Amino acid sequence: MRLLALSGSANVHEAESATNEARRLMLLHNIDAAVTAGAAGFSFRHVGAVSARTDASARILAGILGRHFFVSVIWVPSYQAAQARRGHVLELCGTAANLDVAAYVHGFLTDTAERLWRAHKASLGIRSDHERRRFLAGVMTGVGEKLAAGARQSQREGLVVHADAQREAYLRQRYPRRASRSAGAPTRTRAYEEGREAGRNIELQRPVAATRAVVLMLPPRR
């Protein structure tokens, strides 16, 4: 398929065009699915580790999944048995196909951000992890900015998913009482800005098939 071939192109502009088209097709799939989706069509999944502290990068990543990958997100209480302490874990709600995609994206971006930090440390001879959290937050911010640009184009084309209300109804059924909390923005240090630039350079390329939906995600350019 030419679209998949172009998404792996060495030409950056060709690759980005193919990636945006792949996301548009995924959006079209979800618009079609919204017509028949009901409460029985949604489920939930926990992704990532249980953590006593939710870092800025994890919160930004959760927002990316909620805004761009057709799932609702919520942080729920959990328990770390090994450490015998309480924490939180990210829960995703959506259709089975979209949960598969969102879970993959979560793992891919989490692992990629860590690899980028290790490469950043090695290239600059940094020994400490003092700026790690800020760098990771920058990576996720850069990824979010890149995806937001594609989303704006989809909106200009009139492509909007209407299943959000049904997902939210499912989420309210699971958690009738929910509290929202605002998180402070990470400090924009040099490490944050370098991570942000690295995040913008993460290209979508390798196809990953879920049950009925496909998203293309790629390793960063080298």
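**View 1. The loop between helix 3 and strand 2 holds F70.** Helix 3 covers residues 56-68, and strand 2 covers 72-80. The model shown is predicted. F70 has a positive phi of about 60°. Yet F70 is not a glycine. Is F70 buried or exposed? F70 counts as buried because its relative accessible area is 7%, and buried means under 20%.

**View 2. Helix 4 runs from residue 96 to residue 124.** Helix 4 has 29 residues. From its first C-alpha to its last, helix 4 reaches 42 Å. That is close to the 42 Å expected at 1.5 Å a residue. What follows helix 4? G125 does, and the phi of G125 is positive, near 70°.

**View 3. The largest nonpolar core has 32 residues.** Which residues have the most contacts inside this core? They are L65, F69, L92, V105, L109, F135 and I202. Several elements each supply at least two residues of the core: helix 3, strand 3 (85-94), helix 4, helix 5 (132-156) and helix 7 (190-200). Helix 4 gives the most, with 10 residues. In soluble globular proteins, nonpolar side chains tend to be buried together.

**View 4. F135 is among the residues with the most contacts inside the largest nonpolar core.** What does F135 touch, leaving out residues up to four places away in sequence? Its partners include A113, L116, W117 and H120. F135 also touches A191, Y192, E194, G195 and A198.

**View 5. Another core lies apart from the largest one.**

Conventions
Residues numbered from 1 in each chain as written. Predicted model: local features only at pLDDT ≥ 70, side-chain atom pairs only at ≥ 80, totals over all residues. Heavy atoms only, no water. Helix = DSSP H or I, 4+ residues; strand = E, 2+ residues; numbered from the N terminus. Expected span 1.5 Å × (residues − 1). Buried < 20%, exposed > 50% of the residue type's maximum accessible area, 1.4 Å probe, protein only. Core = buried A, V, L, I, M, F, W, Y, C linked by side-chain atoms within 4.5 Å. Contact = heavy atoms within 4.5 Å.
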